[in-house]
Every structure is written in structure tokens, then in C-alpha cells.
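This briefing covers charged side chains and their partners. The structure is shown first, and the notes follow by topic.

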Amino acid sequence: MAYEMKIRGTEDEVKIRSPWAAALLPLITLGIYHFIWWYRINCELRDYGKAKGYDLGQNPTNSALALFPGGIIIVPALITYWRGVKRVMGASKLGGKEPLNGWIAIILYLLLSPALWAYVQVSLNDLWRQEAEALPGQEAPPDSELNPQPLPPEPPPPSEQPPPS
């Protein structure tokens, strides 16, 4: 399930999406969802960059067009992935989060592209949880399942008194 949120201090919206959706829906929809997802995350990054006063991309349409029809000649698709991952890394740095690892991104792209898409979405989800707030009337998204859960409180220690006879 996707959670819509608003970037603090702006009217721009972002979404927390399932990494599974980012990885598997492109396969089910024969790639159509991937173009839509790529365009939308680039719009979110552009808006977040404007809110912070930094350039995180200016034209999400060009980023999507680099995948198709630009992907037919391969080079534009490679460039848009490279620049997109750099934008996500820059956004993470702006938000004070640890950026995704470029080497892991390259390896995932070469071995299993859907894993790269999920990796990018997880990084964005972490950033949006920190930098955005739920829209009025909507509930906040739950913390990531990857975050460790707190331990339950420990029971009080047994008393030192001898048992009754």
C-alpha cells in the first residue's frame, strides 16, 4: 500500500511505496509501471530539491523518455539510471540519511534490475518517513519492517525473601 505524504514546509507530495511493487509490478505490467514509477520518483526528487534549495533534477519527463524510447539505443537508459541514483544519493545526504551505495546499485543493475528498483525505493521510503508528514485525515505509515523492534520490558527481579514455610 502506498502512503501519500507532504514534504514539510511545502505543498508538494511524496509517496511511500512498497519496494515489492517497485520491483515486481514492472514485470506484471510489461514495463509500463516502471516508466510511471521512474517519472513519479523523479518528480518527487525535483520537488524535494526545490524545498531544500538544491537541484535534484529539473525535468522528470526527460528522465522517463530516456527509458523509452531512449532505451532502444541503450545509452540514454544507462544515463538516466546513473543520474537517478545520484539524485537519490543527494536527497539522502540532504535529509541526513545514509545514502544508498553506488557500487551495490551497479551490481544490482547488472545482475537483477528489479532489485535495483526496490533498493532505490527503500532508500526513498526511509527519507520520506523522516522528511514528510502524513496528509490531514490520513494515518502515518508504519515504521519499516526492517527496523528493529524494541524489546518488551523485563519482568521485575524476584524478591530476595525466603519462601513462606
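**Charged pairs and a buried arginine**

K52 counts as partly exposed, at 35% relative accessibility. The model is predicted, and a search of the whole structure finds seven salt bridges. K52 takes part in one of them, with E131 as its partner.

Link between α2 and α6
- In the salt bridge of E131 with K52, the closest N and O atoms are 3.1 Å apart.
- K52 belongs to helix α2 (residues 32–52) and E131 to helix α6 (residues 113–131), so this pair ties together parts that are 79 residues apart in sequence.
- E131 counts as buried because its relative accessibility is 12%, under the 20% limit.

Pair within α6
- D126 and R129 form a salt bridge whose closest N and O atoms are 3.9 Å apart.
- Both residues lie in helix α6, three residues apart, which is about one turn of the helix.
- D126 is partly exposed, with a relative accessible area of 29%, and R129 is also partly exposed, at 26%.

Neighbours in sequence
- R46 forms a salt bridge with D47, and the closest N and O atoms are 3.1 Å apart.
- D47 counts as buried, at 13% relative accessibility.

Surroundings of R17
- R17 sits in the loop between β2 (13–16) and α1 (19–28).
- R17 is buried, with a relative accessible area of 7%.
- The side chains of R17 and E44 are joined by a polar contact of 3.0 Å.
- Leaving out residues up to four places away in sequence, R17 touches A2, Y33, W37, R40, I41, E44, Q121 and N125.

Technical notes
Residues are numbered from 1 along each chain as its sequence is written. This is a predicted model: local features need pLDDT of at least 70, side-chain atom pairs count only at pLDDT 80 or more; totals for chains, interfaces and linings use all residues. Side-chain values use heavy atoms; hydrogens and water are left out. Helices (H or I, at least four residues) and strands (E, at least two) are DSSP runs, numbered from the N terminus. Buried means under 20% relative accessible area, exposed over 50%, partly exposed in between (1.4 Å probe, protein chains only). A polar contact is a pair of N or O atoms within 3.5 Å; within protein, one must be able to donate a hydrogen and the other to accept it, and residues adjacent in sequence count only if both atoms are side-chain atoms. Contact means heavy atoms within 4.5 Å. A salt bridge is a side-chain nitrogen of Lys or Arg within 4 Å of a carboxyl oxygen of Asp or Glu.
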